[in-house]
Amino acid sequence: MIRLGIVGSNYGRLVQLPAFRADPRCDVVALAGGDATRTAARAREVGILKAYGDWRALVDDSEVDAVAIATIPSLQPEIALHALARGKPVFAEKPLANDLASARAMRDAAQASKLPTMVDFNFPPIAAWACAMDMLDAGAVGPLRHVAVHWHVENRAVQLRLRNWKTDGATGGGVLGNFVSHCLHYLEWFGGPISGLSARIGTLPDDPQAETTVSMSLTYATGVLISLSMSCASYLGIGHRLEFFGEDGTLVLFNPTADYMRGFELYHARRPATALTRVAVEDPLDPQYPDGRIAPVSRLAGRFLDAIEKGTPARPNFADGYRVQVLIDAARRSHETGTWIAVPAETQ
């Protein structure tokens, strides 16, 4: 039995906890949060025996074998480095950190420790996305011509004008950290290394500190172009749409709903078809949970536990998380300088 401690009593309790509990090899034994009294109450509600108001106490607990982190990006590096130094595998959230140096330190510590690490990039484990990858690998669209991402929603932080990490780029969040980090990961997962990009970051008209919108042009190392438009300030936006246009066909992942994870449908057309046809994809895990995020995270949790138990590779790991941080850093530099940024090959 692998005894897990979770640092973060919100997302950690609502998503990570049921995802890890879905695997019989894992026992979630401790929960840590910023407020000791509130964390103790939340731990009792979900049947966790140990509750801490200090993450260090959880990481140092000899009865905790591995650590899952669900905090804001700026707090995550210190927790992860502390856990790795104590010989404990780490399951972390995206993005890894609020700056490139901290993300590099996490990657280097993970590689030096040889311990399993994982980053919660939770779109690829969705059943429709896995099917899309299989179809692309099988030549469903032929050689790629270009890829387009359109992700337009209005999140709660914008609706309520909340001042938190989800709109604050300085803490590792904002539109780049909270949303586009996912895009950068899954674009490389689907199509390989990105060799360069340009980006513009937009804010709310009445709040120049709230980073909510980004427009990017990117290029794969193969030369295939990518266009990306993302905004978390789009009232009644279209949702999340990812399009692959190839020489022989088109493949589309589309979720028009307000649920970020649940609701994706897959469409395909191959010449000489004149319309996209829906591809039926069933996910036996998703209906079991009240939250659409739990099923994909449970698949990542299973890989993480496999790596601990069997020594199998765990991906996406801290090296993958660092790679995304490199791309985020390049996007921010592009916005600040108004220039195209080449991505160094050594980080790919």
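This is a short tour of a predicted model, one selection at a time.

**Stop 1: the sheet.** Color the strands. Nine of them form an open sheet in the order S14-S13-S12-S11-S7-S10-S9-S8-S15, with mixed pairing. Strands S14 (277–279) and S15 (341–342) stand at the edges; each has a single partner strand, so one side of each is left without a neighbour in the sheet.

**Stop 2: a strand pair.** Select residues 144–152, strand S7, and residues 239–246, strand S11. The two run antiparallel, joined by eight bridges. Now pick His150: opposite this residue stands Arg241 in S11.

**Stop 3: the helices.** Show residues 174–191, helix H8. This helix lies across S7, S8, S9, S10, S11 and S12. Its direction runs at about 15° to S9. Next, show helix H10, residues 318–337. Helix H10 packs on the sheet and touches S8, S9 and S15. The direction of H10 makes about 60° with that of S8.

**Stop 4: a cavity.** How many cavities of 30 Å³ or more are there? The count is one. The largest cavity holds about 40 Å³ of space. To find the spot, select Trp151, Val153, Gly239, His240, Asn255, Thr257, Ala258, Asp259 and Tyr260, which line the largest cavity. This lining divides into four nonpolar, four polar and one charged residue.

**Stop 5: Tyr52.** Move to strand S3, residues 50–52, where Tyr52 lies. Beyond its neighbours within four places in sequence, Tyr52 contacts residues including Ala30, Leu31, Thr39 and Leu58. Asp61 is another contact. The side chains of Tyr52 and Asp61 are joined by a polar contact of 2.6 Å. Last, draw a line from Tyr52 to Gly172: C-alpha to C-alpha, the two are 25 Å apart, and 120 residues apart in sequence.

Definitions and conventions
Residues numbered from 1 in each chain as written. Predicted model: local features only at pLDDT ≥ 70, side-chain atom pairs only at ≥ 80, totals over all residues. Heavy atoms only, no water. Helix = DSSP H or I, 4+ residues; strand = E, 2+ residues; numbered from the N terminus. Contact = heavy atoms within 4.5 Å. Polar contact = N/O pair within 3.5 Å; in protein donor to acceptor, adjacent residues only side chain to side chain. 1 Å grid on protein atoms, 1.4 Å probe; cavity = no way out; pocket = protein on both sides within 12 Å on 5 of 7 lines; lining within 4 Å. Points joined across faces, edges and corners; volume = space filled by probe spheres on them. Nonpolar A, V, L, I, M, F, W, Y, C, P; charged D, E, K, R; others polar. Pairing = 2+ DSSP bridges. Axes fitted to C-alpha atoms, helices over the stretch in contact; angles between N-to-C directions.
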